[in-house]
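Please look through the model shown below, and keep it beside you while reading the paragraphs that follow.

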Amino acid sequence: MTDTPAAAPPSDPKPSEKPAANKQDAAIADFGIDTTSRSTGQALRDYVDRVRGGELGSLPALAGLIVLLIVFTAVSSTFLTLNNLANLLAQSAGVTIIAMGLVFVLLLGEIDLSAGTASGVAAAVMALHLVKGGNLLSGMGDVVFYAFIIGGLIAVAVSVWQRIWPGAVLSAVAVLLLLLGVPPNPWLEMLLAVCVGTVIGCLTGVLISKIGIPSFVVTLALFLAWGGVVLKLIGDGGTLSISNDPVLFGVANNNLSTVGSWILFLIFAGGYALVVLYRHFGRVRRGLVAQPTTLVLIKVGAVVVLGAVATYLLTLNRSPNPDRVTIAGVPYVVPIILVLLVVGTFVLDRTKYGRHIYAVGGSAEAARRAGINVPKIRMSVFVIASTVSAVGAIVYSSKVGSVDPNAGGGNTLLFAVGAAVIGGTSLFGGKGRLSNAIIGGFVIAIVSNGLGLLGQPAAVVSIVTGVVLLLAASVDALSRRRAKATGH
C-alpha cells in the first residue's frame, strides 16, 4: 500500500501572467460586482442582490404587464386574439414613440410638457401641406407662415451657436421646404413634419439651457402656445384628412408582406444575436470581465425564439372575415419602433454623447467640472425629444387618418410621460433606457384596450391608468431611497 502523495501547493503565477491578472482585477473593480460573476449561479445571486438594493429597472413594469395579460385574457374572449394583439401594436405606437423621445429628457431629470402639442403642430403642418397642395402660405396665412420662417431661422442660428449640427441641418430643411412650396408628396410631408419638430426642439432647448428658465415653466407655456397654433392652423371644429394618401395612411395601418416580415426578423434578431455574441466572446478572448456565457446564450436564445414566434403569428391571416379579406404580416410600426430603439440605444450606450447624458443626469455639477458642455447636452435632449415626437405624430395621425385641433393634446402627453415612467425611467434623472418606453407603452395600451373590450367608460380607463402611473412613480421613489440606503 502506497501513501497518496500530498497535493502540491499552488504555484505562483508566471511573470508573464501577472500583468494580465492585474489588468483583469482592475477591470473587475471598475465594472462592479454585476459584471464580475464567473458562474451562472453567482450572476443570478448578484442580480437578486441588486434588486434587493433598489435597482429594479423595468422589473415592476414587466411584472405588471404579465399580470394585465393574464387578467384580461381571463375576463375577455377577444383580448388574446391575433387581430386584437396586432391592433395593440398600432394603437400604442404613437404614444410609445413620443415616450422614447421623452426618455432623453427624463434622463437629465428634466420634463417636456410640450411634447404632445409640439407633435400636434408637426402633424398639422404635414396635413396642411397635403390638403393645400403644398401652398402653406395660403394655408397658414401670412402672419403664421412668416412666424414659422423666422422661428426656423432662429432654430438654425441657435443650433449652429451650440454646435448641434443635426438640429441646424433639419431646421434649415424645414425653412427651405416652407419657402419652396414643393408639391404634395407624402415622403416630403413626413420629412417636413420631422423638421418642424426639430425647430420646436431647438427653440425649447435654448430657452431652458441658455436663458435658464426651468423646463417645467417653459414647456408648460409652450404646451398652451402650441395647442393654440394647432387650433389656428386647422380651425375650430375643422379636420384635415390624410386618409386619401395611401403612403401616409399606410404608415400605421398597413403590414409587411410575409417574406418581408421574415426578412425583418432575420435582420433584427440575427443582428442582435451577432452583436451580443461578438461583443461577449470578444471580451472573454481579451480577458475582460463578462457575464457567464450560459446566461448570454439564454438571453440571445430567448430573444430569437420570441421574435420567431411573434413573426409567425403575425404572418397568419388575422382578418375577422378571413374568407373575404386577408390581413397578415408585421405592421409597419414595428420596424419603425425597432429602428428608433436600435439607433437610440446605440447612441446612449455606445457613444460619448450618450455617456455625457447619463453623466449630466447623475450630477450636472460633477459633469461640468469634468469638462462636459452641460448647456449643449441639455439643449440637445429637447431637440431629440421634439424630433422623435414628430415621428410619433406621423404614426398617430396615420392611425386615425386625420388631424384635428386636439392633435397632441388631451391624454397624449400624459400617456407618453406615463409610458416612460411606468417602464422604469426615473423621474429624478440618470436612470432609464429606451426599452422602458416600449414596455410602459404596452402597459398603457393594454389597460386602455382591455378595459375598452370590457365596455368600461373613459373615466375608468383614466382612473386605472393614473393609479398605474402613481404606483410606478412610488416604486421609482422607494427604489432610489433603498439604493441610497444600501449604497448601490
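Ser 397 touches Ala 123, Met 126, Ile 242, Ser 402 and Val 403, if residues up to four places away in sequence are not counted, where contact means heavy atoms within 4.5 Å. Ser 397 lies in helix α17, residues 374-400; helices here are DSSP runs (H or I, at least four residues), numbered from the N terminus. Ser 397 is buried, with a relative accessible area of 3%, and buried means under 20% relative accessible area, exposed over 50% and partly exposed in between (1.4 Å probe, protein chains only).

Before going further, note that this is a predicted model, in which local features need pLDDT of at least 70 and side-chain atom pairs count only at pLDDT 80 or more, while totals for chains, interfaces and linings use all residues. Residues are numbered from 1 along each chain as its sequence is written, and side-chain values use heavy atoms, with hydrogens and water left out.

Helix α5 (residues 115-131) packs with helix α9 (residues 186-209) at an angle of about 145°, their axes being 8 Å apart; axes are lines fitted to C-alpha atoms, for helices over the stretch in contact, and angles run from 0 to 180 degrees between N-to-C directions. Among the residues that meet are Val 121, Val 125 and Met 126 in α5, and Leu 192, Val 196 and Ile 200 in α9. The residues of this contact divide into eleven nonpolar, two polar and one charged, where Ala, Val, Leu, Ile, Met, Phe, Trp, Tyr, Cys and Pro count as nonpolar, Asp, Glu, Lys and Arg as charged, and the others, Gly among them, as polar.

Helix α9 also holds Thr 198, which is buried with a relative accessible area of 1%. Leaving aside neighbours within four places in sequence, Thr 198 is in contact with Gly 167, Leu 170, Ser 171, Val 383 and Thr 387.

Which residues of α2 are buried? They are Ala 43, Asp 46 and Arg 50, and, seen down the axis of α2, these buried residues fall within an arc of 60°, so they line one face of the helix; the arc is that of the directions from the helix axis to the C-beta atoms. An α-helix has 3.6 residues a turn, so residues three or four places apart point the same way. What covers the buried residues of α2 includes α13 (293-314), whereas Arg 45 and Arg 52 are exposed on the other side of α2.

How values were computed:
Helices (H or I, at least four residues) and strands (E, at least two) are DSSP runs, numbered from the N terminus.
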